[in-house]
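Reader: I have a model open and want to learn to read it. Where do we begin?

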Amino acid sequence: MKIVKHIVPRIFLLAAILFATSYIYTEYLYEDDLQEHSPIINTIREIPLETDILYVGESSNIMYAEDDADKRTISEMLAGHYPSLTVFDLSKRASHAGIFKTFLAAIPEDKEIKTLVMTLNIRSFGANWIHSSLETPLAKNNVLLGLEHPIIKRFYLSFKAYDNDNEQVRRHNMLAQWDSDELIFPYDFPYANTNEWDDAMAATGIKLGGGKIDPVTDLACHYIKAYAFQIDTLTNPRIQDFNEIIALANERGWNVVFNLLGENLEKADELVGKDLLFLMEQNHNLVVDYFERQGVTVVDNFSAVSNQYFIDQDWTSEHYTEEGRSHVAGNVAKHLRIFHPDAYQED
Amino acid sequence: MLFNTLDYILFLPIVIIGYYLLNAKYRWALLLIASYYFYMCWKPEYVVLILASTLIDYFAGLQMAKRDSKKKRRPFLYMSLAANLGILFAFKYANFFSETATNIAHSMDFMVHFPLFDFLLPVGISFYTFQTISYSIDVYNDKIRPERHLGHFALFVSFFPQLVAGPIERFSSLSPQLKRPQSFDYENFKNGLRMILFGLFAKMVIADNAAPIADVIFNDPELYNSFNISLGLFFYSFQLYCDFFGYSLIAIGSALIMGIKLMDNFNSPYLSVNVADFWRRWHISLSTWFRDYIYFPMGGNRVRKMKWIFNIVAVFVISGFWHGASFTFIFWGLLVGLLYVIEMTINKALKIRTEIKPFSANHLLRAAKTFIIISFTWIFFRSLTFADSWIMFDALFSNGGLDGKTLDISMVLWLTLAGFIVLDWVLYNKRFDTWVGRQPFVLRWVLYAMMIFSIMVFTGVEEIPFIYFQF
């Protein structure tokens with residue numbers, strides 16, 4: 001009894017300290033934290049109350065070539081096809097569905113959005129991206145966008161309640177997944193997994209005119225690391241992310257369109273060959289089929305961009321020149337006619 | 001699982017509640033399961049290393065106890081040392097030796113490449129291997145009787161609060177406490193929470209906010225003037241201290257709530273009057289380990305002067321190598337050892353008293369001198385290569401003036417660090433929990449409120465793991 005008498009006032013005192021902390025933080029410090037750690041909040045706040053098309057993308061909607069005459073992004077070009085509609089861009093480099101789902105959940109419910117267009121990047125399903133070292137800062141930036149009370153979110157941020165593996169652990173996990181995920185072909189293939197294939201490519205090299213050309217070999221290895229995987233819809237975290245986005249869109253009454261980004265198939269073929277194309281095509285077919293079965297419109301740009309329209313020739317990316325962006329935007333625009341039939345016009 | 005994570009905040013109360021609800025006979029099993037779970041949260045497969053270390057030392061201990069002469073025990077001691085040091089070597093030092101051998105071969109025009117291994121360094125490997133080595137040596141020297149209960153022994157090796165970064169406990173101190181039926185003690189509970197609170201404050205508010213400042217200076221010293229580099233070094237000194245001190249406090253506090261008293265690991269080291277005093281106050285559990293298991297067996301100070309100098313320097317070089325597999329750590333150990341010897345020699349020659357009145361002007365001046373010396377040595381501790389250390393020293397002494405880029409240090413960091421320094425001063429030769437318990441109610445709760453507020457609101461958000469975890 002004596003101990004209870006001793007403890008109870010202290011519990012109240014502790015509660016008062018926490019309450020005061022919460023009040024001071026929410027009133028005077030939260031906004032500064034938001035600006036410092038989650039500046040994307042400003043873009044989210046800028047979404048007009050009535051938005052016809054919300055375009056959510058990663059660097060494919062940010063990058064352009066220096067010598068492009070038309071430097072508009074894909075979403076701006078899309079807006080050009082729908083001049084009478086409000087098209088808003090919510091893009092962030094290196095992001096993917098796992099990050100986008102938090103952005104979307106943070107959009108206030110009073111903002112009426114008719115159609116959500118989101119990039120669907122095949123590479124983001126692979127271990128190379130899932131275990132990327134960029135994931136930790138991205139996950140951290142998302143904490144304050146959550147729907148919890150500000151002091152709870154600060155608590156999560158302080159006590160690392162997010163995916164906070166360090167670079168070394170992520171790299172280790174990536175290598176482990178490349179080892180453990182068996183590559184299955186309908187024919188004999190000499191390498192059991194991504195690591196073996198990558199090692200073999202690094203050892204053999206690409207021989208142009210007889211010698212081993214290291215930068216080209218490096219690029220071929222990058223293609224293997226980026227695309228040599230097979231999506232398992234039961235375990236792939238990205239599938240789960242897209243499913244959650246579809247559920248959220250259904251809840252909010254948004255039309256959903258996935259813009260399946262074009263990959264450099266020509267380069268993949270040239271550097272690595274048909275085996276890699278087989279895997280890329282298999283993953284492509286799987287995601288298109290999987291999401292279309294859920295009633296999502298998938299704009300299939302997977303093979304729509306030819307090699308010459310990729311900006312990065314020494315890296316795997318979905319950064320397109322103006323012709324590439326225009327082509328992708330045009331395809332998306334055509335598919336959006338089902339939701340906005342009267343507003344479409346040729347650019 | 002790190003102490004400053006939500007996972008630990010949920011894990012600890014569950015273990016503590018389970019611990020006190022369970023019959024005392026079975027608590028060891030709960031703690032053992034909790035400890036293995038705690039470790040496996042990081043990399044499950046590495047638990048086999050602790051298991052291997054546990055089984056080998058358990059077996060070696062029992063075998064040694066069966067033999068009455070040291071000569072007969074020796075093979076089992078060697079077996080234990082080989083296993084533990086072998087694990088340590090394979091996971092911590094193999095790449096260092098491989099790289100060094102490759103570099104030496106290349107310098108002699110032998111174009112061979114010794115293999116490098118893509119291992120993750122098992123967290124805490126240097127700590128638990130040293131703890132089990134001390135057990136084997138103590139059994140060998142007949143100082144303790146071996147543990148016959150495998151579960152109890154496994155718990156001694158893996159007790160989660162001190163598993164990954166110490167304090168490195170002795171069997172004679174920790175094991176009896178783990179076996180003793182502990183009834184809930186409100187004083188221990190309060191004191192444990194106090195230690196955890198202060199530890200979180202030191203780690204999350206001071207160390208994690210000081211880290212980005214130290215990082216920018218160590219990453220690009222050329223960009224900053226000497227004044228700012230000095231500031232960066234100052235903040236690194238406190239980052240390192242608060243990081244490890246904070247960790248130790250949380251470890252001690254977590255164990256204390258369960259009635260288990262771990263040894264103190266720090267005692268206001270930056271108020272030390274000389275380098276020797278510093279090493280009596282910094283990472284005490286490691287310093288005493290080296291003293292008992294390396295320095296004393298080498299003869300300690302009961303040898304000729306040159307041998308004594310050799311003993312001191314050798315112990316510090318080994319300590320440097322323990323901290324990390326790189327030449328900068330070895331050099332850091334060598335430097336500290338030499339400083340230790342030089343200062344002791346000067347003090348002896350000039351008959352400078354080491355016993356001084358605390359907080360006198362003399363104390364403060366000598367503490368400032370020691371702090372500056374130690375801070376310089378941290379340059380080698382923090383730098384990845386000698387070239388980096390040299391760039392830092394060069395910039396520190398040649399980027400004069402107050403021009404150039406300046407550090408952006410928040411007022412919050414200055415204020416919280418000032419608060420910490422005052423507290424560290426007050427705690428000279430005292431423990432936080434007992435000291436704060438004696439303060440008036442209002443002062444005590446104002447202090448708690450400030451710490452809680454700072455932890456909730458001002459914590460650094462960069463990804464900075466406990467520095468000593470990497471050792």
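Author: With contact. Two residues are in contact if their C-beta atoms, placed from the backbone, lie within 7 Å. Keep in mind that this model is predicted.

Reader: How many residues of chain B are in contact with chain A?

Author: On the chain B side, 19 residues take part. They meet 24 residues of chain A.

Reader: Which elements of chain B give two or more residues to that side?

Author: Three helices of chain B: helix 1 (6–21), helix 8 (186–219) and helix 18 (441–457). Helix 18 of chain B gives the most, with seven residues.

Reader: How should I read confidence?

Author: Where pLDDT is low, the predicted coordinates should not be read in detail. Chain B averages a pLDDT of 91, and 97% of its residues score at least 70. Confidence in chain B is lowest in helix 15 (residues 386–398), at a mean of 84. It is highest in helix 6 (residues 150–158) of chain B, at 96. The model as a whole scores ipTM 0.82 and pTM 0.86.

Reader: Now a single residue. Where does B:Lys143 lie?

Author: In the loop between helix 5 (125–140) and helix 6 of chain B.

Reader: Why is B:Lys143 classed as partly exposed?

Author: Count neighbours. A residue is buried at 20 or more other C-beta atoms within 10 Å, and exposed at 12 or fewer. B:Lys143 has 13, so it is partly exposed.

Reader: What separates the C-alpha atoms of B:Lys143 and B:Ser172?

Author: A distance of 8.7 Å, with the two residues 29 apart along the chain.

Terms used
Residues are numbered from 1 along each chain as its sequence is written. Chains are lettered from A and ligands numbered from 1 in the order in which they are written. This is a predicted model: local features need pLDDT of at least 70, side-chain atom pairs count only at pLDDT 80 or more; totals for chains, interfaces and linings use all residues. Helices (H or I, at least four residues) and strands (E, at least two) are DSSP runs, numbered from the N terminus. pLDDT is the predictor's confidence in each residue, from 0 to 100.
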